[in-house]
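Please read this report alongside the sequence and the coordinates.

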Amino acid sequence: MRTVSHSSLLPCWRRFAVLAALLGAAFLLPPAPLEWSRNAIAGGEYWRLVTGHWVHMGPYHLLLNLGGLLITGMLFTRHPPLLLWAGFLIVSPVVVSGGLLVFVPELAWYRGFSGCLHGLVVFTAMHNLVKEKRWSLMILGVVAAKLALETVVSPITGENSPIGGVVIPQSHWLGAVTGLAAGIAVGISNRLPRNVRE
């Protein structure tokens with residue numbers, strides 16, 4: 001049975017609260033100059049590689065991602081160290097954005113945190129793989145099933161009116177793969193002798 005130490009969760013809840021506040025603050029900014037835009041990025045507006053994941057298509061879209069963030073915090077009793085956690089949230093938007101540029105050439109613009117959120121779930125599950133193997137594998141399996149279902153369903157359903165646009169399942173895949181790669185890299189690094197790491 002998984003037990004939760006409330007005192008150990010407090011620092012993690014602070015980081016999730018700060019992230020939620022940042023997403024909420026970004027929602028108040030005009031999204032057009034910040035969204036992921038293929039043409040604008042090609043024109044040199046490289047900040048969009050990061051900021052495109054912080055703006056949303058509407059309040060419902062933001063609430064969905066905040067809900068996903070809350071669930072991510074509740075799914076695990078252990079989270080990556082703050083430096084690794086924050087580092088992942090800095091790197092993953094750039095990797096997902098680069099993947100969208102390369103693998104989804106028909107995509108003109110994009111807004112939303114869901115790709116990074118999928119990556120954060122996978123990254124955290126990988127972090128817990130040694131000490132909570134069964135639970136982590138279960139979460140990874142659920143994420144994989146969700147991604148497979150989205151790949152089949154999204155092209156059929158098309159525009160998702162509640163969020164004000166089309167779901168881009170490729171961003172979820174790219175985020176999840178980024179989280180998997182980051183988890184593997186950190187795991188390998190942790191197993192290296194200290195003198196090799198330094």
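## Overall architecture

The model is predicted, and its secondary structure comes to 9 helices and 4 strands. Read from the N terminus on, these elements follow the order α-β-α-α-α-α-β-α-α-β-β-α-α.

The protein has 198 residues, of which 43% count as buried. Among its contacts with a separation of 6 or more, 80% are accounted for by residues 24 or more positions apart.

## Packing of helix 5 and helix 6

Helix 5, residues 82-103, packs with helix 6, residues 114-127, at an angle of about 140°, and the axes of the two helices lie 10 Å apart. The crossing in which helix 5 passes helix 6 is right-handed.

On the side of helix 5, the residues that take part are L84, W85, F88, L89, S92 and P93, and they meet C116, G119, L120 and F123 of helix 6.

## The largest pocket

The largest pocket holds about 720 Å³ of space. It is lined by 32 residues, and those closest to its centre are S114, H118, K146, E150 and H172. Two or more lining residues are given by each of helix 4 (59-75), helix 6, helix 7 (133-157) and helix 8 (169-191).

Which classes of residue make up the lining of the largest pocket? By class, the lining of this pocket has 17 nonpolar, 12 polar and 3 charged residues.

## The second largest pocket

For the second largest pocket, the computed volume is about 320 Å³. Its lining consists of 15 residues, and the closest to the centre of this pocket are M126, H127, V130, G187 and R191. The elements that give two or more residues to the lining of the second largest pocket are helix 6 and helix 8.

Which element provides the largest share of the lining of the second largest pocket? That share comes from helix 8, with 6 residues. Divided by class, the lining of the second largest pocket has 8 nonpolar, 4 polar and 3 charged residues.

## Helix 6 across the sections

Methods: Residues are numbered from 1 along each chain as its sequence is written. This is a predicted model: local features need pLDDT of at least 70, side-chain atom pairs count only at pLDDT 80 or more; totals for chains, interfaces and linings use all residues. Side-chain values use heavy atoms; hydrogens and water are left out. Axes are lines fitted to C-alpha atoms, for helices over the stretch in contact, and angles run from 0 to 180 degrees between N-to-C directions. A crossing is left-handed if the near helix is turned anticlockwise from the far one by less than a right angle, and right-handed if clockwise. Contact means heavy atoms within 4.5 Å. On a 1 Å grid over the protein atoms alone, a cavity is a set of points where a 1.4 Å probe fits but cannot get out, and a pocket is an open set with protein on both sides within 12 Å along at least five of seven lines; lining residues have an atom within 4 Å of a point. Grid points are joined across faces, edges and corners, and a volume is the space filled by probe spheres set on the points. Ala, Val, Leu, Ile, Met, Phe, Trp, Tyr, Cys and Pro count as nonpolar, Asp, Glu, Lys and Arg as charged, and the others, Gly among them, as polar. Buried means under 20% relative accessible area, exposed over 50%, partly exposed in between (1.4 Å probe, protein chains only).
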